[in-house]
Amino acid sequence: MTQTSQTPRTQLRIGPHTVQPPVVLAPMAGITNAPFRTLCREFADGVGWGDGGRPPGEGGSGGRGLFVSEMITTRALVERDAKTMRLIHFDGTEKPRSIQLYGVDPVTVGKAVRMIVDEDLADHIDLNFGCPVPKVTRKGGGSALPYKRHLLRSILREAVTAAGPLPVTMKMRKGIDDDHITYLDAGRIAVEEGVTAIALHGRTAAQHYGGTADWDAIARLKEAVPEIPVLGNGDIWSAADAVRMMRRTGCDGVVVGRGCLGRPWLFGDLAAAFEPGPEPPAPARPTLKEVAAVMRRHAELLAEWLEDEERGVIDFRKHVAWYTKGFSVGSEMRKRLAVTSSLAELDALLAELDLDQEWPPGADGPRGRTSGRNRVVLPDGWLDDPYDRAGVCADAELDTSGG
Ligand SMILES: Cc1cc2nc3c(=O)[nH]c(=O)nc-3n(C[C@H](O)[C@H](O)[C@H](O)COP(=O)(O)O)c2cc1C
């Protein structure tokens, strides 16, 4: 079978933006800042490996996608919190500029969106209703919020009205747990309120990151909201998974999160997989030397972005285990890499590695958080009435963005 018949060839449009390939970098707090988005975009554009040549198997000239910012809390944005203002920084080449907002109060969400429009801070706004962390759901925020249909509607209405011509999308989970599924209702509400596209992570809040994502739910949402694009999310670990999800669910595009942790070149594979051609190219399988070069660039970009080498290299530490996953590096070296605080130190340690190692098979497949939870912490009586006019107290919003 040729790729033409294998690869879904729909064109994804988010408002005025054509997203080709139909691939979105999932917003990930603490990860998808400007430096990480730059790396992913470079690979999507086919220039990520620099002068070092392409690792065997990598192919295609690449293309673009959509690369969403870390979650920005609406309250921190309207208060112009300094950290938040840095998080909404886009390098001059990023188009469209995509910001994910998290908010629980319709008025504050409206203000934040209006600020983005008035100050030309972004070209696309995504609203996050999928956060499963207890400190948020305990107050009725995040993935607990769509259970209250009126509140969800009010937030979407304020956002879409304030956004004017800017497209507003939403990202959500299936629901709170198997007994409290919300995504189909939320999807219809989103369409009625003028949301441009919906991303569904095929897990409930109770599942957290455990088990497997329910791709059938993505197919059901696609049937329920035929008017707008549906983006499927959950457990895409390779470009082949992305193509498989689109074929199986009929979704219009995919959102890729944990699969690109320590593997930004996945965006090169994804771009190549959606290009016309006789066969999908084999995935990139870089050697440790090639991985080390990407690690170095990632740390350097973080240092530049934070305008502080030490802070940049310290922020990079969290990525080390993902980049070196499966390679024979040794626990002692892993520990040393995880406490570096300068680029020179990082260079010296990387030079000590056995850089000729081939890509280890163990590095494919799941990475990042994979554990589940049993119980979702909710406010008292939260599940009593999905149609009441309950609001959510303002402190359900996190104090700072990206958390
Ligand atoms: C470290 C981390 C941070 C995340 N932060 C956010 C966030 O800020 N906003 C959001 O909507 N989802 C967030 N998510 C969820 C992802 O966007 C995505 O929905 C989830 O990881 C499932 O997709 P995947 O299987 O491709 O990883 C985060 C996930 C991880 C692992």
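Tutor: Happy to; what follows is a set of questions and answers on this predicted model.

Student: Let's begin with helix packing. At what angle do the axes of α10 and α11 cross?

Tutor: Helix α10 covers residues 239-249 and helix α11 covers residues 266-273. Their axes come within 8 Å. The crossing is right-handed, and its angle is roughly 45°. That makes α10 oblique to α11.

Student: How many nonpolar, polar and charged residues make up the contact of α10 with α11?

Tutor: On the α10 side you will find A239, A242 and V243, and they meet L266, D269, L270 and A273 in α11. Sorted by class, this contact has 6 nonpolar, no polar and 1 charged residues.

Student: Helix α2 also packs on α11. Which residues of α11 does α2 meet?

Tutor: Helix α2 spans residues 34-44, and its axis lies 7 Å from that of α11, at an angle of about 35°. This crossing is right-handed. From α2, the residues C40, F43 and A44 take part, and in α11 they meet F267, G268 and A271.

Student: And by class, what is in the contact of α2 with α11?

Tutor: The α2 side brings C40, F43 and A44, while α11 brings F267, G268 and A271. The contact has 5 nonpolar, 1 polar and no charged residues.

Student: Now for α9 and α10: are they oblique or parallel to each other?

Tutor: Helix α9 runs over residues 215-224, and its axis comes within 9 Å of the axis of α10. The two cross at roughly 50°, in a right-handed crossing. Angles from 65 to 115 degrees count as roughly perpendicular and those under 35 as roughly parallel. The helices α9 and α10 are therefore oblique.

Student: How many charged residues does the contact of α9 with α10 have?

Tutor: W215, D216, I218, A219 and K222 in α9 meet D241, R244, M245, R248 and T249 in α10. By class, the contact has 4 nonpolar and 1 polar residues, and the number of charged residues is 5.

Student: Let's move to the ligand. Which residues around the ligand come nearest?

Tutor: There are 17 residues around the ligand. One of the nearest is N233, with an N or O atom of its side chain 2.6 Å from an oxygen atom of the ligand.

Student: On to the backbone. Where is P21, and what is omega for the peptide bond from Q20 to P21?

Tutor: P21 sits in the loop between β2 (17-19) and β3 (23-25). The peptide bond from Q20 to P21 is cis, with omega near 5°.

Student: What is omega for the peptide bond from K95 to P96?

Tutor: P96 belongs to the loop between α4 (82-87) and β5 (98-102). The bond from K95 to P96 is cis, and its omega is near -10°.

Student: One last item: what is phi of R80?

Tutor: R80 lies in the loop between α3 (74-78) and α4. Its phi is positive, in a residue other than glycine, with a value near 55°.

Note on methods:
Residues are numbered from 1 along each chain as its sequence is written. This is a predicted model: local features need pLDDT of at least 70, side-chain atom pairs count only at pLDDT 80 or more; totals for chains, interfaces and linings use all residues. Side-chain values use heavy atoms; hydrogens and water are left out. Axes are lines fitted to C-alpha atoms, for helices over the stretch in contact, and angles run from 0 to 180 degrees between N-to-C directions. Helices (H or I, at least four residues) and strands (E, at least two) are DSSP runs, numbered from the N terminus. Angles under 35 degrees count as roughly parallel, over 145 as roughly antiparallel, 65 to 115 as roughly perpendicular and the rest as oblique. A crossing is left-handed if the near helix is turned anticlockwise from the far one by less than a right angle, and right-handed if clockwise. Contact means heavy atoms within 4.5 Å. Ala, Val, Leu, Ile, Met, Phe, Trp, Tyr, Cys and Pro count as nonpolar, Asp, Glu, Lys and Arg as charged, and the others, Gly among them, as polar. A residue is near a molecule or strand if one of its heavy atoms lies within 4 Å of it. A polar contact is a pair of N or O atoms within 3.5 Å; within protein, one must be able to donate a hydrogen and the other to accept it, and residues adjacent in sequence count only if both atoms are side-chain atoms.
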